[in-house]
Amino acid sequence: MHAEAFVDLDAITGNVAAIRERVTPGMVMAVVKAGGYGHGAIPAARAALRGGASWLGVVHVKEALELRAAGIGAPLLCLMAIGADDHAAAITGGIDLAGGTTDMVARIAAAATRAGTPARVHLKADTGLSRGGATAAEWPSVVDAALHAQDRGQVKVAGLWSHFAASDEPGNPSVSAQLIAFQEAVEHAEKAGVTPEVRHIANTAAAITVPRARYDMVRVGGGIYGLSTLPGGAPGWLRPAMTLRARLAQVKRVPAGTGVSYNHRYVTTAEATLGLLPLGYADGVPRGARGHALVFARGRRWPIAGTVCMDQFVIDFGDEPVAAGEEVVLWGPGDHGEATAQEWAEALGTISYDLVCGLGARVPRTNGEAQ
Ligand SMILES: *Cc1c(COP(=O)(O)O)cnc(C)c1O
């Protein structure tokens, strides 16, 4: 390997089991959208199911169909209602769909007629994120439309759900406000005749920090990979699953005063050994990482010397006698002193999800299983 994102599938299994233990009797939906947050959707899904996840969540129908094509038959929900998606294929595949508008409910009902089987729909309330879902004013008509489609045999209302705006800010008053709004939406729907199998609102941060948000199920994405958007990252009982590592492609000795990488934004202050790493911003190493001491080799962290290029970047190893082919770790679980994705995120002003999801297609995802 010249570079790889090694995924510790046992960590995913263990994370799901640890979350499950905390939220039981609530169920865990493992969110494996966006290629399992860059970890590989199919192996991540299987690892999560081994850990006791009852459901899987993705965004697009295409992502859901890929899981089904891999032989994964677990309950599966598409979290975003997208008009252009092939809903009939989803319904045929036994994939649950989100509905947050009367229009989407009508589209799904029509797709169910084409598919010749009822669609399972989770009605989404917008309780304050102002993203997808029905506002409080729209909710009664969405519920009505779904119940009418259910009476016609086109739809089964399987779930009621919502999503938080700031569950990763402990104490943010929007969390309790959204919980009140969600409870009202649930009660309205149930009074109107909906008998949901699952009610769900909590993501990783809420599942961990807001017990009353757990309802019947928590939708955990970051947490299953050992990540979270909470301040300071995930709690210690979750283990980061991904290690991003690469081997030095070349090593050279240069004199003091040598300009390094595009625009010479780094200049050596002494004679130095430069090491070239074959990963760049096309692979998901943020261009803004220049100058940050985040890369781990030989028991310590080394600063990135000069601009991160599309395919490569350089490290100034000083007088450390590194050799081509040596392994360097960008991020991992932190066991040996390497930075975590959380530390990269803090250094770069983003969240760990942004880094793992941003890994490029060129980076092989390995997990010790046959590929
Ligand atoms: C991505 C997503 C989640 C998972 O969020 P995490 O913070 O990664 O746990 C849950 N629900 C919805 C609707 C999402 O889009």
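Thr 195 counts as exposed in this predicted model, because its relative accessibility of 54% lies over the 50% cut-off. The residue is placed in the loop between helix H8 and strand S8 (198-202). Beyond its neighbours within four places in sequence, Thr 195 is in contact with Lys 156 and Val 157. Thr 195 and Lys 156 are 39 residues apart along the chain, and their C-alpha atoms are separated by 9.5 Å.

**Overall architecture**

- The protein chain contains 11 helices and 19 strands.
- Its C-alpha trace spans about 80 × 40 × 35 Å along the principal axes.
- The domain assignment gives domain 1 (9-225) and domain 2 (242-350), and the C-alpha centres of these two domains lie 40 Å apart.
- Of the 371 residues in the protein chain, 53% are buried.
- Among contacts between residues at least 6 apart in sequence, 65% join residues at least 24 apart.

**Nonpolar cores**

- In soluble globular proteins, nonpolar side chains tend to be buried together.
- The largest nonpolar core has 112 residues, of which Ile 12, Leu 123, Phe 313, Trp 331 and Trp 344 touch the most other members.
- Both domains contribute to this core, with at least three residues drawn from each of domain 1 (9-225) and domain 2 (242-350).
- A second, separate core consists of six residues, among them Val 260, Leu 274, Ala 305 and Val 314.
- Leaving out residues up to four places away in sequence, Phe 313 touches Gly 275, Leu 276, Leu 277, Leu 279, Val 285, Val 295, Ile 304, Val 308 and Leu 330.

**Helix H10**

- The buried residues in helix H10 (residues 341-348) are Ala 341, Gln 342, Trp 344 and Ala 345.
- Viewed down the axis of H10, the buried residues fall within an arc of 160°, and they therefore line one face of the helix.
- The cover over the buried residues of H10 includes strand S15 (293-297), strand S16 (300-305), strand S18 (327-331) and helix H11 (352-357).
- Gly 349 follows H10 and has a positive phi, near 70°.

**Buried loop residue Ser 167**

- Ser 167 is located in the loop between strand S7 (155-161) and helix H8 (173-192).
- With a relative accessible area of 5%, Ser 167 is buried, because this value is under the 20% cut-off.
- The side chains of Ser 167 and Asn 203 are joined by a polar contact of 2.8 Å.
- Apart from residues up to four places away in sequence, Ser 167 touches Val 175, Asn 203, Ala 205, Ala 206, Thr 209 and Leu 230.

**Buried loop residue Thr 127**

- Thr 127 occupies the loop between strand S6 (119-124) and helix H7 (139-151).
- Its relative accessible area is 12%, so Thr 127 is buried.
- The side chain of Thr 127 makes a polar contact of 2.7 Å with that of Ser 162 and another of 2.9 Å with that of Gln 178.
- When neighbours within four places in sequence are set aside, Thr 127 is in contact with Ser 162, His 163, Gln 178, Ala 181, Phe 182 and Ile 201.

- Glu 184 lies in helix H8 and is exposed, with a relative accessible area of 51%.
- Glu 184 and Asp 354 are 170 residues apart in sequence and, C-alpha to C-alpha, 33 Å apart in space.

**Ligand surroundings**

- There are 14 residues around the ligand, and those that come nearest are Lys 33, Tyr 37, Thr 204, Gly 221 and Gly 222.
- For Lys 33, a polar side-chain atom lies 2.7 Å from an oxygen atom of the ligand.
- For Tyr 37, the distance from a polar side-chain atom to an oxygen atom of the ligand is 2.5 Å.
- Tyr 353 likewise has a polar side-chain atom 3.0 Å from an oxygen atom of the ligand.

Definitions and conventions. Residues are numbered from 1 along each chain as its sequence is written. Side-chain values use heavy atoms; hydrogens and water are left out. Helices (H or I, at least four residues) and strands (E, at least two) are DSSP runs, numbered from the N terminus. Buried means under 20% relative accessible area, exposed over 50%, partly exposed in between (1.4 Å probe, protein chains only). A polar contact is a pair of N or O atoms within 3.5 Å; within protein, one must be able to donate a hydrogen and the other to accept it, and residues adjacent in sequence count only if both atoms are side-chain atoms. Contact means heavy atoms within 4.5 Å. A nonpolar core is a set of buried Ala, Val, Leu, Ile, Met, Phe, Trp, Tyr and Cys residues joined through side-chain atoms within 4.5 Å. Domain bounds come from an automatic or database domain assignment. The arc is that of the directions from the helix axis to the C-beta atoms. A residue is near a molecule or strand if one of its heavy atoms lies within 4 Å of it.
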